Amino acid sequence: MQVEEVGFKHSVREFWDHFSDNKGAVFGLFLVLSFIVLAILAPVISPYGSSEIFPGQLRLPPFWSEGGSFQFILGTDDLGRDVLSRLIWGAQISLFVGVSIVFLSTIIGTTLGLMAGYFGGKTDIVIMRFIDILMAYPSILLAIIVVSVIGPGVTNAIIAVAIVSIPSFTRLVRANVLEIKERQFVMAAKTFGAGPWRIMFKEILPNCMATLIVQTTLGLSEGILSTAALGFLGLGVQAPTPEWGIMLSDARPYIESSPWLVTLPGLCILAVVLGLNLFGDGLRDALDPKLKR
Amino acid sequence: MTANSLLVQNLKKFYPVKGSSEKFVKALNDVSFTLPPNTTLGIVGESGCGKSTLAKTLMGLEDKTHGSISFNDNSFDNMSNKVKYETMQMVFQDPLDSLNPRKKAWEIIADPLLINSKVSKTEALKKAQELMAKVGLRPEQSHKYPHMFSGGQRQRLGIARALILNPKVLILDEPVSALDVSVQAQILNLLKELQKDLGLSYIFISHDLSVVNYMADDIMVMYLGRVAEYGNADKVFNNPYHPYTKTLLKSGHISQSEEIKSFPKLISSELPSPLNPPTGCAFHTRCPLAKDECHSILPEVESKNERSVSCLL
């Protein structure tokens, strides 16, 4: 067992060496990790409840502006709720939604991609034409269609965005499978009777993991962005849930008088998505053997 | 037939040509041989002659078009897959490519066992480690990944994997061609030892004549899917009948005989397209000794002094 641990530690260190060369990626990882910590510690660190209303203290500015106070560090919204608390709880919602979307779309997309690539022929044609149909619509438009069919709400928004994210996983995995299934270890597995499902999931899938992990981080940021967009349009998560997209859309009428109400949730979305993208890019470079020196 | 022999009769494998229902690429045409226990059959020929198709067809990776394969008088057609796997296993050419890079050594070796019988993981690990010792690897390395081994060690892993089901016949598809010359000898000697200990039969596919000369008891020379010459290895090497065998021996620089050294050059160095095989004897387009009748008459495989030769001359 010792040999294995040494090998594992070694490959982790090697990975970190490559990854940390990319300063942007490290910054991205830092951003993402801080939002994860915020989300986990939300019950402890948020000063107030997410829907706690303070009558008479509507649209107070953040502490650094005139009229702001440290009682509400980032001010209050149009209903007198603490913005900072809502943003912190919102991190929980956004990350939960993002992870659920990626979880669903990865499982479905990967399985479809494995089947299309490995079986080929008619299976491939049927699956890939279905994927083409999904891709023919702009993703946000398709998500809107799905939500308008099954109705708004957190779960439905997750389902809608997950469906929209399936194609990228399927195409990526399929391309990988087409390459890997020609390798000799796949043929070797057939010579001692490994069935197609065993070959797909135990021989081929582990070899797709590097690209899949990268796609997962990028899919996470897209998922969060799409959910925020749905929320902004009033089709996703419903008020009073402190979701960043709804906070944006609720604050729209006050964009001139209380600009922090739109700016702050917007900045949060920006930071998470930027962080995930930087992190994903860094991961891709660090895991790609072709880019290694 | 002799007990525990592998008997292959008139094996054919035709691939249909796209866009035509009557044209076929005849990758294997009327290949027959007998492989008694504890012997090695060397199969030689240039690329595209059907060596690998023969390996794949024997392993059941490709369905045969015609012919029979039987072991110990039991036809492969009536055998369960499990029994087939326990009869014949295969070692691949490229040891790095034939081992899954994401699996540990013991998982790779134990895979055939885990798929084909109900053993616990602990038992499988134990069996894999025993086999690692048998092929000259340290059992402590059982939790390493393939890329942590050297080329020769990887091929030992491949051999261990092929042995775990206790097969009677091993197909060795160019098992040493991807290795350094110094390592080649170690692997060949390991294979010889294993053959002696376990009474294995080998089908040894190679394009390296000196390696085949070292390993093989019998030798089969193939040309465009057909048997050119088949017989006892020493006899074929010392006194080849078929002009193609002579050409191979000459290009391999391993024969001392004056007849081989002075054998005329091939007319063309290019292998004819298997899509449009030449009429008559397939070798006549290149054969320096070809006569008019070779262009039209297909030579049958004939027995001549305990040897099969397909040549009109």
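Guide: Residues 24 or more positions apart account for 70% of the contacts in chain A with a separation of 6 or more, where two residues are in contact if their C-beta atoms, placed from the backbone, lie within 7 Å. This is a predicted model, in which local features need pLDDT of at least 70 and side-chain atom pairs count only at pLDDT 80 or more, while totals for chains, interfaces and linings use all residues. Residues are numbered from 1 along each chain as its sequence is written, and chains are lettered from A and ligands numbered from 1 in the order in which they are written.

Chain A comes to 11 helices and zero strands, with helices (H or I, at least four residues) and strands (E, at least two) taken as DSSP runs numbered from the N terminus. The C-alpha trace of chain A spans about 75 × 50 × 30 Å along its principal axes, and 44% of its 293 residues count as buried, a term that asks for 20 or more other C-beta atoms within 10 Å of a residue's own, with C-beta atoms placed from the backbone. The average pLDDT of chain A, the predictor's confidence in each residue from 0 to 100, is 87, and 95% of the residues score at least 70. Within chain A, confidence is highest in helix 5 (residues 121–136), at a mean of 94, and lowest in helix 1 (residues 2–21), at 70; over residues 1–5 of chain A, pLDDT stays under 50.

Chain B has 10 helices and 12 strands. Its C-alpha atoms fill a box of roughly 65 × 45 × 40 Å along the principal axes, and of the 313 residues of chain B, 45% count as buried. In chain B, residues 24 or more positions apart account for 64% of the contacts with a separation of 6 or more.

Strand 9 of chain B runs parallel to strand 3 (residues 40–44) of chain B, to which four bridges join it; two strands pair if DSSP finds at least two bridges between them. In this pairing, Ile219(B) stands opposite Gly42(B). Strands 9 and 10 of chain B form a hairpin with two residues between them, and Leu224(B) in the turn has a positive phi of about 45°.

To return to the two chains together, 25 residues of chain B are in contact with 17 residues of chain A. Helix 2 (81–87), strand 6 (88–91) and helix 3 (105–116) of chain B each supply at least two residues of the side of chain B that touches chain A, and helix 3 of chain B gives the most, with four residues.

Methods
A residue is buried if 20 or more other C-beta atoms lie within 10 Å of its own, exposed if 12 or fewer, and partly exposed in between; C-beta atoms are placed from the backbone.
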